[in-house]
Amino acid sequence: MVNGAVPRFWREIPQRYNLIGNQCGVCKKIFFPPRESCPECRRKSIGKMKDIKLSGKGKLVTYSIIHAAPKNFEGQIPYPIGIIELDEGPRLTAQIVDCKIDDIKIGMKLESTFRKIQQDGYIGAIYYGYKFKPLEDKK
Amino acid sequence: MRDVAVIGIGLTKFGELWDKSFRNLIAEAGSKAILDSGISGKEIDALYVGSMSAGRFIGQEHVGALVADSSGFAHMHIPSIRVESADASGGLAFRQGYFSVASGMNDIVVIGGVEKMTDVIGAEATDTLATSLDQEWEAFFGSTLAGTYAMIATKHMHDYGTTREQLAQVAVKNHANGALNPYAQFKRPISLENVLKAPMEAYPLTMMDCSPVSDGAAALVLCAAEKAKKYTDKPIKIIGSGQASDTLPLHGRKNICIFESTVYAAKMAYKQAGIKPKDVDVVEVHDSYTIGEILAIEDLGFVKKGEGGKAVENKITTFDGEIPVNPSGGLKAKGHPLGATGVAQIAEIVMQLRGEADKRQIKNAKIGLAHNVGGAGATCLVHILEAM
Ligand SMILES: [Zn+2]
């Protein structure tokens, strides 16, 4: 990460704290993070992009376990990271938590959880956002 | 548009070169290329330099001017252009220089590529490599460049049955080739065990699946093909050039196991050259991570999607295989000074097509291809060259 001024982080707070994406009013495709316009509908979508809160539920597409970490993450190694496909369609990258490394499997169901992501060693700021944990079976 | 040829090449040794600065490196490679070509300095119309992150590695931007000055061209006021596309910066500099000569605006240009990575500590280098990813939506959450390639490897193993050993075999092959390359950072063969038992970088990739942190520079002289014979008996013509982009974050792509940027850049280059993958005699691909070489041979069309691991295991890509890949040792063994890599790959292809690759010479190499990737596949450049 580039260490530095705080506005860079608070302007992404709605997306990172609450998983706010947006939806194209023309083709109904959902995006995360929100886009200015829809890459398919292009100019027709301008002014028709609507914010939407995502469920935070999805499945694991692929993963890795990070052993050589960026500076702000060195205290966390080893940690799993994955690509999650949300039920609404968009994919994102996040850490996987509350789960033994050996239990991580492609295709497993996950849900988002609000956590500390990293601490800036330079200005000391703590940044929060989503991580993903195994989806609890609520039978 | 007119034909363009490479008439000169220059390389520094790659490695942890603590006694050499950024400016020493690029000046050395540039002067070697100019001497090799037989041109004089005043014939140069422009300089194009690829450098990924001089700002973070040595705290220096305005690299175009620095390179013109340290190469001794400031007093001649030669235009100098720095280009950036992560670790595809060198390939992109080459393509921009090629365009400028092909268009007729310039007759002779020098292409450089350079990176000085060892002036920072390891974690800083990891952070800087991750700037080729999406800072806000990948790196912010703790992903690294190695981690991103590792996620591709996990998926490739899951979907196609690619094995841990097949990945390791890429590194073993490239070290065997690098052992024959005097410019390589690592000149020793390694075993499968060496790769598998190395410390983990990002599961399933160990440190020995990853290209090293390197210093180095490379340079080329390009000239309008109609004038090339004036300078050299062995001009090497550029017959195809392709470039393509893709989503910056890996998670933006439908299929994690394809670099569409490679597929599209290759299609563009093959079409211009009027050739098919089977016509290529020698290839340099972007193996910054072992899985990268497996993707490359699939996406360039040498083998079917999913069969890259098997092809490596069956030794199709070795020095004397059906389609020799990375005779230089690749990024893995030769070293990977980011901005220099794309230029150095083309220098290797030129040596092969001139028949000057010494112990690593591929017999009867007539057509060569260089494949340079930025980050985790958001940029790709493919160039095809042929002896004139
Ligand atoms: Zn749309």
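Good morning. I begin with a residue pair that links the two chains: Ile66(A) has Ala202(B), in β5(B), as its bridge partner. Please bear in mind throughout that this is a predicted model.

Strand β4 of chain A, residues 57–66, is joined to β5(B) by two bridges, and the two strands run antiparallel.

Let me place this pairing within the contact of the two chains. Chain B contributes 30 residues to the contact and chain A contributes 29 residues. On the side of chain B that touches chain A, the elements giving two or more residues are α5 (122–129), α6 (145–160) and β5 (200–203) of chain B. Of these, α6(B) gives the most, with seven residues.

I turn now to chain A on its own. There we find an open sheet of three strands, in the order β2-β1-β3, with antiparallel pairing. Its edge strands are β2 (30–31) and β3 (49–53) of chain A, each of which pairs on one side only. Strand β1 of chain A, residues 20–24, is connected to β3(A) by five bridges, again with an antiparallel course. As one residue pair to look at in the model, Gln23(A) has Lys50(A) of β3(A) as its bridge partner.

Next, the organisation of chain B. Which segments make up the domains of chain B? Domain 1 comprises 4–121 + 214–228, and domain 2 comprises 122–210 + 239–387. The centres of domain 1 and domain 2 of chain B, taken over C-alpha atoms, are separated by 22 Å. The contact of these domains draws 39 residues from domain 1 of chain B and 37 residues from domain 2 of chain B.

Consider the side of domain 1 of chain B that touches domain 2 of chain B. Two or more residues come from each of β1 (4–11), α2 (54–57), α4 (89–102), β4 (108–116) and β7 (215–224) of chain B. Which element gives the most to that side? It is α4(B), with eight residues. By residue class, this side of domain 1 of chain B divides into 21 nonpolar, 12 polar and six charged residues.

To close, I return to the link between the chains: β4 of chain A and β5(B) run antiparallel, joined by two bridges, with Ile66(A) and Ala202(B) as bridge partners. Thank you for your attention.

Conventions. Residues are numbered from 1 along each chain as its sequence is written. Chains are lettered from A and ligands numbered from 1 in the order in which they are written. This is a predicted model: local features need pLDDT of at least 70, side-chain atom pairs count only at pLDDT 80 or more; totals for chains, interfaces and linings use all residues. Two strands pair if DSSP finds at least two bridges between them. Helices (H or I, at least four residues) and strands (E, at least two) are DSSP runs, numbered from the N terminus. Domain bounds come from an automatic or database domain assignment. Two residues are in contact if their C-beta atoms, placed from the backbone, lie within 7 Å. Ala, Val, Leu, Ile, Met, Phe, Trp, Tyr, Cys and Pro count as nonpolar, Asp, Glu, Lys and Arg as charged, and the others, Gly among them, as polar.
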